[in-house]
Amino acid sequence: MRYAINRISPMRAMLYGLLLGLGIWIIPAIILGWLVRTTVLSLEAWLGGLRMVIPMPIGEGIAIDLTSALSLGDTQARLSALAGQDLALMLAIILGVAAAGMLFTGLAAFLSAIFYNLFAGVFGGIEVSLNALDVPDRRPVPAAVALPAAVPAAQAPPVAAPRPRVEQPRTGTPVAQAWLSPTSANGERRALLDSVTRIGSADGNDIILSGLAPQHAEIRREGGRYLIYDLGSRRTWVNDTQVAAVHMLKDGFRLQMGQSEFIVHIQTTNPAVAEAR
């Protein structure tokens, strides 16, 4: 099955980007918060012990507080205040980094969806192929044909002579009977109208299928042929060929609209012969 992605919702893409950003940035945010907390505690402890002792011949020597000598008292006070709120500091850094990463990823996804929609409007989107691995084999199994038992010659009924066939004149316009039969076992047969059959998800269509655009496609009978018109959805395929605008249908063709797949049946009979029979 082949599909064409021709539009992505920017708001849904941004929501997906926010969730993705939270998952991506939460671990780096935790690591960064722990590193900042450890660094603040280490600097506060280092400045608190920053002293120099000048040895003297008599006594223990002269101790000089380098923090005061180098005018680092304000820095030590700020580090002490931060060290007193180490867990709050770590939590604030984690939340800030995670929020920034979420906003960045969400905005990137939002802009990417907008640019993709512009690209799809010009080039028709990106076509992807899906393999339905869980779909059972739908090939029909030939039924066993029971052979009639042999009838004795004495009991066999007499064979009547064949009646002469009267050739009927070929007059009138051929009448086509067409319908769509689903490939799935639980679907129902959809008859095609003689003029225009409208297909979509809206209530006013002749064939209503969920998962399609409100006005998805039209099947028209023109000059004795059935033609399918895609109404801009770009999600219609005939025998695995995407319908860009219009495509002719024949008996036995495979028609796919969205995720619904059908077999086209078209029977043509002569009305004069049908009345004679």
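This is a predicted model: local features need pLDDT of at least 70, side-chain atom pairs count only at pLDDT 80 or more; totals for chains, interfaces and linings use all residues.
Residues are numbered from 1 along each chain as its sequence is written, and side-chain values use heavy atoms, with hydrogens and water left out.

Across the chain, pLDDT averages 76, and 66% of the residues score at least 70. Residues 132–139 are another stretch below 50, with 4 contacts beyond near neighbours in sequence. By element, the lowest mean is 46, in helix α5 (residues 271–276), while strand β7 (residues 196–200) has the highest, 93.

Now the overall picture. How many helices and strands does the chain have? There are 5 helices and 15 strands; these are DSSP runs numbered from the N terminus, helices being H or I with at least four residues and strands E with at least two. Of the 277 residues, 25% count as buried. Buried means under 20% relative accessible area, exposed means over 50%, and partly exposed is in between, using a 1.4 Å probe and protein chains only. Take contacts between residues at least 6 apart in sequence: 52% of them join residues at least 24 apart.

Let's go to the sheet with β7 in it. It's an open sheet of 5 strands, in the order β8-β7-β9-β10-β13, with mixed pairing. Two strands pair if DSSP finds at least two bridges between them. At the edges sit β8 (207–208) and β13 (246–249), each pairing on one side only. β7 and β8 run parallel and are joined by 2 bridges, and Gly 200 stands opposite Ile 208 in β8.

On to charges. Searching the whole structure gives 6 salt bridges, where a side-chain nitrogen of Lys or Arg is within 4 Å of a carboxyl oxygen of Asp or Glu. One of them pairs Asp 194 with Arg 221, at 2.4 Å from N to O. Asp 194 is in the loop between β6 (190–191) and β7, and Arg 221 is in strand β9 (residues 217–222), so this pair ties together parts 27 residues apart in sequence. Arg 221 is partly exposed, at 22% relative accessible area.

Then there's Arg 254 with Asp 240, 2.7 Å from N to O. This one links distant parts of the chain, 14 residues apart: Arg 254 is in strand β14 (residues 254–257), and Asp 240 is in the loop between β11 (236–238) and β12 (241–242). Is Asp 240 buried or partly exposed? Partly exposed, with a relative accessible area of 39%. Arg 254 is also partly exposed, at 27%. There's a network too, with Arg 198, Glu 218 and Arg 220 joined by salt bridges that share partners.

Arg 190 meets Glu 188 at 3.5 Å, N to O, and Arg 190 is buried, with a relative accessible area of 19%.

Last, the surface patch. Tyr 16, Leu 20, Ile 24, Trp 25 and Phe 104 make a nonpolar surface patch of about 550 Å². Helix α1 (residues 10–48) gives the most to it, 4 residues. Leu 20 is in that helix and is partly exposed, at 36% relative accessible area.

Conventions
pLDDT is the predictor's confidence in each residue, from 0 to 100. Contact means heavy atoms within 4.5 Å. Patches are made of residues with over 30% relative accessible area and no salt bridge: like charges are joined within 9 Å, nonpolar side chains (Val, Leu, Ile, Met, Phe, Trp, Tyr) within 5 Å. Accessible areas come from the Shrake-Rupley method with a 1.4 Å probe; for residues, only the protein chains shown count as cover.
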